[in-house]
Amino acid sequence: MTLSLLGLMRPALCRSLVSLVPMVRSPQLVVISRVQLLLPNIFHQNMVPPAASCVRFYATKKSKAKAAKGQASKVNINSSLVEDIISLEEVKEDMAAILTTLKDDFSRNLSIRTSPGALDHIVVSMADGKFPLNQLGQISMKSPQLIVVNMTAFPEAVGAATRALRESSMKLNPEVDGTIIRVAVPKVTREHRENLAKLAKQFSNKAKESLRRVRSNAITQVKKAKDTVSEDTIRLVEKQIGQMADGFAADVDKQLTTKTKELLG
């Protein structure tokens, strides 16, 4: 009678013990071992031990939300499908042009090289157009602290070249001797490097503002088509434009990081 009652109680007892025993490589063996130790008289040597219940753990809503966090859905709309609303290719080209301008600004205005090539980016404005300084004069390095620009070929451009050098972001103070322009090269101090890094930050902020402007103008154009296309389409196109802007903004940050490391050493 007692064995019969214990036999009926055995499944419930096993399930209870499963919840108490730590999960190891073979949970069934651990459960049976614990039961045998507690109730040795229940099991006969020929009795087949009951199978332990398996516990399945389900993901909670919180864990699912945590796993999905940061996995923003991407939108990739075929440009030809929305060409009646807006040209996404043109929007992309406008944003790419902003990044190109930033790279040019970094190259022209944030150079710490003490070589003749440091003046190659100087643009001279004249009555008949704008010209690179190295096309108007012969630039040479006389010493690590002195660059000479020989304007013999275009003496009429001496004044404009001097003004361009003085107004550049390199803080130059050129001196004129006939058709010869002498440019003292500032010593590259830590303070000078830090000032250039700040200027790089200003250029990058300006680029981001331009990206936001392009994005805003594009979205405004898309919203004008709300009477002819569905709201879902409008939202998808807006999201596509936003993703493009975010991508170019990330490129701006990469350019700034690289240039800052270069300037600060």
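Helices are DSSP runs of H or I with at least four residues, numbered from the N terminus. Under this convention, S204 has its place in helix α7. The model described here is a predicted one.

The chain contains 8 helices and 6 strands. Read from the N terminus, the elements follow the order α-α-α-α-β-β-α-β-β-α-β-β-α-α. The chain has 265 residues, of which 31% count as buried. Among the contacts in the chain with a separation of 6 or more, 63% are made by residues 24 or more positions apart.

In soluble globular proteins, nonpolar side chains tend to be buried together. In this model, the largest nonpolar core has 32 residues, and the members that touch the most others are I86, M95 and I241. At least two residues of this core come from each of α4 (88-109), α7 (190-223) and α8 (231-264). When neighbours within four places in sequence are set aside, I241 is in contact with I86, L88, M95, R215, A218, I219 and V222.

Helix packing was examined next. Two packed helices are described by the angle between their axes and the distance between the axes. For α4 and α8, the angle is about 10° and the axes are 11 Å apart. Angles under 35 degrees count as roughly parallel, and α4 and α8 are therefore roughly parallel to each other. On the α4 side, the contact is made by L88, V91, K92, M95, A96, L99, L102, K103 and F106. On the α8 side, the residues involved are V237, Q240, I241, M244, A245, F248, D251, V252, Q255, L256 and K259. Sorted by class, the contact of α4 with α8 comprises 14 nonpolar, 2 polar and 4 charged residues.

The axes of α7 and α8 come within 10 Å and cross at roughly 170°. Angles over 145 degrees count as roughly antiparallel, so α7 and α8 are roughly antiparallel to each other. The contact of α7 with α8 has 18 nonpolar, 3 polar and 10 charged residues.

Apart from neighbours within four places in sequence, S204 is in contact with L102, V252 and L256. Of these residues, L102 belongs to the α4 side of the contact between α4 and α8, whereas V252 and L256 belong to the α8 side.

The other position is F203, which lies in helix α7 and pairs with F106 in helix α4. The structure holds 1 aromatic pair. The ring centres of F106 and F203 are 6.4 Å apart and the ring planes stand at 70°, so the pair is edge-to-face. This pair links distant parts of the chain, its two residues being 97 residues apart. F106 and F203 are both buried.

Helix α6 spans residues 158-167, and its buried residues are V158, A160, A161, T162, A164 and L165. The elements that cover these buried residues include the strands β1 (123-126), β5 (175-177) and β6 (180-184), together with the helix α5 (133-136).

Definitions and conventions: Residues numbered from 1 in each chain as written. Predicted model: local features only at pLDDT ≥ 70, side-chain atom pairs only at ≥ 80, totals over all residues. Heavy atoms only, no water. Core = buried A, V, L, I, M, F, W, Y, C linked by side-chain atoms within 4.5 Å. Buried < 20%, exposed > 50% of the residue type's maximum accessible area, 1.4 Å probe, protein only. Contact = heavy atoms within 4.5 Å. Axes fitted to C-alpha atoms, helices over the stretch in contact; angles between N-to-C directions. Parallel < 35°, antiparallel > 145°, perpendicular 65-115°, else oblique. Nonpolar A, V, L, I, M, F, W, Y, C, P; charged D, E, K, R; others polar. Phe/Tyr/Trp six-rings, centres within 6.5 Å; stacked < 30°, edge-to-face > 60°.
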